[in-house]
Amino acid sequence: IMPILRAHLRELAGSGTHRSHGGMIRVTPVKLRELGHTANVGLLESVRSWGMRMSNVLDGCSASASSYSHVVSAPPPPGSTGEPTDLDEAGLLRAASAAVGSAWDEHLPAVFRAFVNNSERRFSLNESLTALLCCSRGTVIERASALFDVYSFLQMKHQIPHSTHVSRIVTAILEKAKGDTASASSVVSKFPGEGDRVALRLRVLGCVHGEQDCLVGEAFIPSLLPYSALAVTVEEPRSLTIWGFRDQLPAGIQVAEARPSIGVLRMAIEWRPIFTAGQMRLRLFDLQLFPAFVESPELVNPRITVMTLGVGGKEEQIHRLKQVAAATEGTAKAQEYVGFAKTMWQDGSGALRYHQGRSGHGWDPELQRWKWDELSGEQYSTASQRFAAWVVGKEVEPNCISLQACRLLTQGILARSLHCVTNRQAALIADQTFGRACCVPGVLGAFLVRGDGTALSSKSAAQLRSEDEDWSSSCVDVRQQLLLAHEEMASLNPS
């Protein structure tokens with residue numbers, strides 16, 4: 001049920017234009033914040049100390065001041081979609097009915113009343129979803145994965161390691177639950193059949209047998225999913241097979257295939273998905289035509305068009321983001337769509353000439369390849385280019401969550417488990433657990449020094465205590481006050 005429910009709730013969260021809330025957080029009671037910290041003692045003494053503190057709190061303040069039921073709205077953690085600002089009971093019923101039917105209709109009014117913030121008069125969608133996930137029957141890994149999806153977002157893949165390595169068991173469970181997105185094919189090893197659909201069709205046109213702008217061959221990309229910027233190295237080129245036509249082969253060449261392999265083009269592809277839309281980046285490096293199958297490859301002077309299937313299943317060109325000068329591309333139509341123009345120009349006698357001042361652009365006689373420089377070889381589609389759903393393949397799963405979101409989830413889980421911790425302590429626990437270094441900064445000592453402090457600037461706290469028995473006359477230990485101020489800041493700024 002949870003994947004279906006999350007999908008509908010994500011659409012509900014993205015439907016609002018104003019999303020200034022990301023969940024709810026409990027405010028640490030004032031009396032509990034003022035108690036401060038204790039010395040590092042054993043577990044039994046810690047439990048006894050907290051029990052005495054809570055009894056003092058309950059005796060010295062009202063129930064409303066000491067209760068954890070006082071909650072405030074927290075801003076959306078970085079990268080998350082947030083939640084609807086104004087979600088009424090009818091809207092929640094519609095969303096849940098669309099996701100799981102009418103089975104929850106009799107329980108949802110009670111859920112709505114339980115998670116309505118009466119002071120702000122709003123319902124927290126993320127808070128209620130977090131509570132449902134914590135109380136579900138799934139395993140710890142399944143619940144942690146579902147909680148991750150509440151605040152997760154897409155981010156570029158990086159090489160920053162985490163001190164806690166992911167075990168093989170956890171990886172296997174996640175791959176089984178969500179599916180392995182790396183299994184989709186990135187290149188075509190054989191010519192696709194007539195009924196097979198491909199994401200991109202690269203048509204190579206050039207001079208063949210004296211005919212200008214003749215279709216030389218085609219290269220195919222079955223899906224954009226393996227080229228997601230979240231899963232591949234962008235600058236790594238892929239070799240794509242160019243499939244020619246048997247009736248265009250030189251005389252005396254016989255092949256059994258109707259579409260023989262006549263060359264290879266090297267291209268780097270990057271896909272930044274936003275559901276079925278997104279931005280595509282193509283970087284064409286070079287193109288090689290085999291002399292045995294293409295007559296005089298050095299005279300072809302190829303250009304390449306890029307075609308895809310639109311939402312309606314009709315073949316169409318891809319709109320280009322950055323316009324290229326007409327002098328470079330030749331025609332106004334070529335500027336509007338993604339495509340790679342000819343690399344050399346023809347003089348009056350028909351001879352091919354190189355463009356001045358552009359190295360690595362045109363025919364390379366040593367490598368026997370046609371090359372494109374970065375100016376013409378790198379092109380972007382528009383940021384919201386839409387494709388058919390099967391073109392982009394399976395939706396790329398979010399892969400990142402911010403530390404602010406981890407703090408929010410940790411505080412909610414500890415409060416529901418009745419652990420007596422403050423917001424500052426919950427944030428430190430979250431940072432130590434989910435931070436890449438698995439450690440947090442701490443204040444070892446804080447002093448106020450009398451005078452200008454020049455005489456004590458080169459001495460540490462340990463040196464001061466060892467040298468001067470009455471060191472408190474020149475220094476005042478303010479670590480307790482600093483921690484109390486930190487507690488206050490953590491409570492006033494819950495994010």
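Student: With which side chain does the side chain of Glu83 make a polar contact?
Tutor: This is a predicted model, in which local features need pLDDT of at least 70 and side-chain atom pairs count only at pLDDT 80 or more, whereas totals for chains, interfaces and linings use all residues. Residues are numbered from 1 along each chain as its sequence is written, and side-chain values use heavy atoms, leaving out hydrogens and water. A polar contact is a pair of N or O atoms within 3.5 Å; within protein, one must be able to donate a hydrogen and the other to accept it, and residues adjacent in sequence count only if both atoms are side-chain atoms. At 3.3 Å, the partner of Glu83 is the side chain of Ser124.

Student: Is Glu83 buried or exposed?
Tutor: Glu83 is found in the loop between β2 (71–74) and α5 (89–100), where helices (H or I, at least four residues) and strands (E, at least two) are DSSP runs numbered from the N terminus. Buried means under 20% relative accessible area, exposed over 50% and partly exposed in between, with a 1.4 Å probe and protein chains only. With a relative accessible area of 0%, Glu83 is therefore buried.

Student: What percentage of the residues of the protein chain count as buried?
Tutor: The chain contains 17 helices and 20 strands. Its accessible surface, from the Shrake-Rupley method with a 1.4 Å probe, comes to about 27,300 Å², of which 56% belongs to carbon and sulfur atoms. Of the 495 residues, the buried share is 39%.

Student: How far is the C-alpha atom of Thr382 from that of Tyr337?
Tutor: Thr382 lies in the loop between β17 (378–380) and β18 (385–386) and is partly exposed, at 24% relative accessible area. Leaving aside neighbours within four places in sequence, Thr382 is in contact with Gly278, Gln279, His319, Arg320 and Leu321. Tyr337 is 45 residues away along the chain, and the two C-alpha atoms are separated by 9.6 Å.

Student: Why is strand β5 largely enclosed, and with which strands does it pair?
Tutor: Seven of the nine residues of β5 (residues 200–208) are buried, so the rest of the structure largely encloses this strand. Two strands pair if DSSP finds at least two bridges between them. β5 runs antiparallel to β6 (residues 211–221), to which eight bridges join it, and six bridges, also antiparallel, link it with β10 (residues 303–309).

Student: In β10, which residue is the bridge partner of Leu205?
Tutor: On the β6 side, Val204 stands opposite Gly217 and Val208 opposite Glu211. The hairpin of β5 and β6 has two residues between the strands, and His209 there takes a positive phi near 55°. On the β10 side, the bridge partner of Leu205 is Arg303.

Student: Against which helices do the buried residues of α17 pack?
Tutor: In α17, Leu483, Glu487, Ala490 and Ser491 are buried. They cover an arc of only 100° around the axis, which puts them on the same side of α17. The face turned away from that buried side carries the exposed residues Met489 and Leu492. The buried residues of α17 pack against α2 (30–35) and α15.

Definitions and conventions. Contact = heavy atoms within 4.5 Å. Arc of directions from axis to C-beta.
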